There are 2 protein chains.
Amino acid sequence: MEFKQYLSQQCAVVEQALTRYMLPEEGPLATHIKAMRYSLFAGGKRIRPILALAAAEALHADTQHLFPVACALECIHTYSLIHDDLPAMDDDDLRRGKPTCHVVFGEAEAILAGDGLLSFAFELLSHPDALQGISPEAQLRLINLIAKAIGPVGMVGGQSLDLAAEGQAISFEHLRLIHGYKTGALITASVQAGAIFGQGDEEQFAALSRYGVQIGLAFQIVDDLLDVEGTTEDLGKTAGADAQRNKATYPAFFGVAKTKVMAREAVDKAIAALENFDAKAEPLRDLARYIYERNK
Amino acid sequence: MEFKQYLSQQCAVVEQALTRYMLPEEGPLATHIKAMRYSLFAGGKRIRPILALAAAEALHADTQHLFPVACALECIHTYSLIHDDLPAMDDDDLRRGKPTCHVVFGEAEAILAGDGLLSFAFELLSHPDALQGISPEAQLRLINLIAKAIGPVGMVGGQSLDLAAEGQAISFEHLRLIHGYKTGALITASVQAGAIFGQGDEEQFAALSRYGVQIGLAFQIVDDLLDVEGTTEDLGKTAGADAQRNKATYPAFFGVAKTKVMAREAVDKAIAALENFDAKAEPLRDLARYIYERNK
């Protein structure tokens with residue numbers, strides 16, 4: 001109950017920051033900005049910004065100046081959803097219970113809305129405001145880390161592998177690789193961004209990275225489970241879409257029962273990675289449990 | 001003659017740097033990387049990197065550590081071409097005399113190749129190598145400037161306006177706005193990136209910015225002219241495409257003769273902006289003239 005409150009409070013704070021940083025829908029660029037805002041304010045759970053904030057809090061940091069970074073992570077996540085949903089990609093009409101960006105604004109504008117959000121994310125990441133919390137060297141390290149995580153050997157590469165694997169018989173190792181790049185990399189980078197901002201030492205950074213890798217894994221396993229067990233109404237996106245597309249998933253490899261055990265194990269490992277952190281890391285631990293609870 | 005040599009020499013140097021920085025086509029991500037490399041090494045003239053290098057040289061800087069930035073500018077330019085050519089956008093099959101990325105790799109992979117190049121550009125921009133030439137503060141300023149130039153109130157916004165204007169009667173002011181965002185912003189930012197790297201003072205930065213704005217303008221005017229006067233063979237892309245799409249262009253507003261005068265004026269203003277620079281700025285002056293000469 002208390003954690004639910006934390007979540008909705010953090011979600012509201014991120015929402016406010018996004019509203020503050022995002023361009024207003026006015027002037028000649030109004031349509032373009034409207035398309036970006038449509039997807040950005042479509043009821044996302046803001047997990048990645050919340051993870052970054054919680055990781056910084058776990059290191060006793062004042063997160064006030066982390067918001068440009070937190071918002072950038074959400075812009076990047078939103079861009080990836082817009083592009084993934086495109087007709088040429090997963091061709092999804094529904095996202096978070098709403099028509100997808102290309103359904104509302106057309107394919108061309110949806111591609112550009114994604115491109116705009118990605119560029120805007122780097123504008124936020126290099127924002128002078130973020131300088132007040134950390135050194136410029138640390139800010140550059142953070143930008144480099146995020147850029148790597150979402151690039152060719154990261155999120156975008158993962159989506160490419162995912163598309164290529166559709167309808168193919170792939171090994172479990174290959175599925176892990178796809179998940180790691182496509183979903184895991186940005187989640188891990190979000191935690192690491194908070195860790196850099198929180199100015200942890202190398203050991204703390206490594207522990208938070210291990211946490212990030214494990215919850216990234218848990219997140220994807222649970223996503224696979226939800227696609228099997230959830231309804232379209234619950235999910236806000238088309239249920240059973242993976243099976244329909246003949247996609248390799250954890251449940252397809254191991255069945256539902258064993259997949260749940262694997263999700264639980266990843267969550268346990270994530271929490272174990274935080275053993276040397278004090279009570280300030282409790283939100284991170286709760287977030288790991290929350291990811292698992294999503295499938296209930 | 002001498003300048004032609006300078007151009008081809010700089011082009012070769014940029015090409016080498018791109019080869020050095022770009023990921024190799026191997027491992028599970030080979031297809032994705034192949035698609036990026038296909039468009040990146042499709043015979044581009046490398047104008048933006050060369051502009052950045054020339055602007056830094058005009059300030060007597062050692063450009064050795066500017067290459068990650070120069071390559072990032074080319075990655076950004078290439079991403080924008082790949083996305084502009086997509087069926088949902090300009091639907092072009094030919095670019096630099098070769099089939100476009102989506103024709104060869106399919107639409108999904110072309111979208112991802114663009115996304116990958118854009119992310120990779122920011123990986124390069126935040127590259128520790130680039131630190132050796134300038135302070136981390138200056139590097140952050142450079143990243144912020146480029147991100148702004150290519151984002152919603154920049155290149156991507158310009159493409160959105162351009163698509164919305166197709167077949168519409170628009171004012172000349174609106175055409176200028178579109179050009180400024182779509183083409184001008186990245187060209188200006190390329191010059192400014194060189195200026196930041198060259199550690200010019202505010203006055204020098206302002207002068208180089210004025211130069212950048214004017215050659216950005218000249219570049220687009222000449223592009224409009226080439227579309228009217230060039231052949232598909234000359235251009236390496238479909239000639240007459242603008243007129244076919246009923247696009248607003250400088251020649252459509254003013255006729256070919258007056259448009260040529262306007263291009264010349266922009267080049268003259270660009271050169272005039274460099275009046276306080278010495279012989280080290282000669283390549284920048286030559287580049288301005290070269291842009292004009294393209295239409296001969």
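**Figure 1. The largest nonpolar core of this predicted model has 210 residues.** The residues with the most contacts inside this core are A:Tyr211, A:Leu284, B:Tyr211 and B:Leu284. A nonpolar core is a set of buried Ala, Val, Leu, Ile, Met, Phe, Trp, Tyr and Cys residues joined through side-chain atoms within 4.5 Å. Buried means under 20% relative accessible area, exposed over 50%, and partly exposed in between (1.4 Å probe, protein chains only). This is a predicted model: local features need pLDDT of at least 70, side-chain atom pairs count only at pLDDT 80 or more, and totals for chains, interfaces and linings use all residues. Side-chain values use heavy atoms, without hydrogens and water; residues are numbered from 1 along each chain as its sequence is written, with chains lettered from A and ligands numbered from 1 in the order in which they are written.

**Figure 2. B:Tyr211 and its contacts.** B:Tyr211 touches B:Leu51, B:Val191, B:Ala270, B:Ala273, B:Leu274, B:Leu284, B:Leu287 and B:Ala288. Residues up to four places away in sequence are not counted. Contact means heavy atoms within 4.5 Å.

**Figure 3. Chains A and B around the rotation axis.** Copies are superposed by least squares on the C-alpha atoms of residues with pLDDT of at least 70 in both. Of the residues of chain B, B:Pro136 comes closest to the axis, with its C-alpha at 2.8 Å. The copies meet through the same surface, because 100% of the interface residues of chain B are also interface residues in chain A.

**Figure 4. Helices α4 and α8 of chain B.** Helix α4 spans residues 67-85 and helix α8 residues 155-165. Helices (H or I, at least four residues) are DSSP runs, numbered from the N terminus. The two axes come within 12 Å and cross at roughly 20°. Axes are lines fitted to C-alpha atoms over the stretch in contact, and angles run from 0 to 180 degrees between N-to-C directions. α4(B) and α8(B) are therefore roughly parallel (under 35 degrees). From α4(B), B:Ile76, B:Tyr79, B:Ser80 and B:Asp84 make the contact. From α8(B), the partners are B:Met155, B:Val156 and B:Gln159.

**Figure 5. B:Arg46 in a loop of chain B.** The loop lies between α2 (30-40) and α3 (47-58). B:Arg46 is buried, with a relative accessible area of 1%. B:Arg46 touches B:Cys11, B:Val14, B:Glu15, B:Leu18, B:Leu40, B:Phe41 and B:Glu74, leaving out residues up to four places away in sequence.

Technical notes:
Helices (H or I, at least four residues) and strands (E, at least two) are DSSP runs, numbered from the N terminus. Angles under 35 degrees count as roughly parallel, over 145 as roughly antiparallel, 65 to 115 as roughly perpendicular and the rest as oblique.
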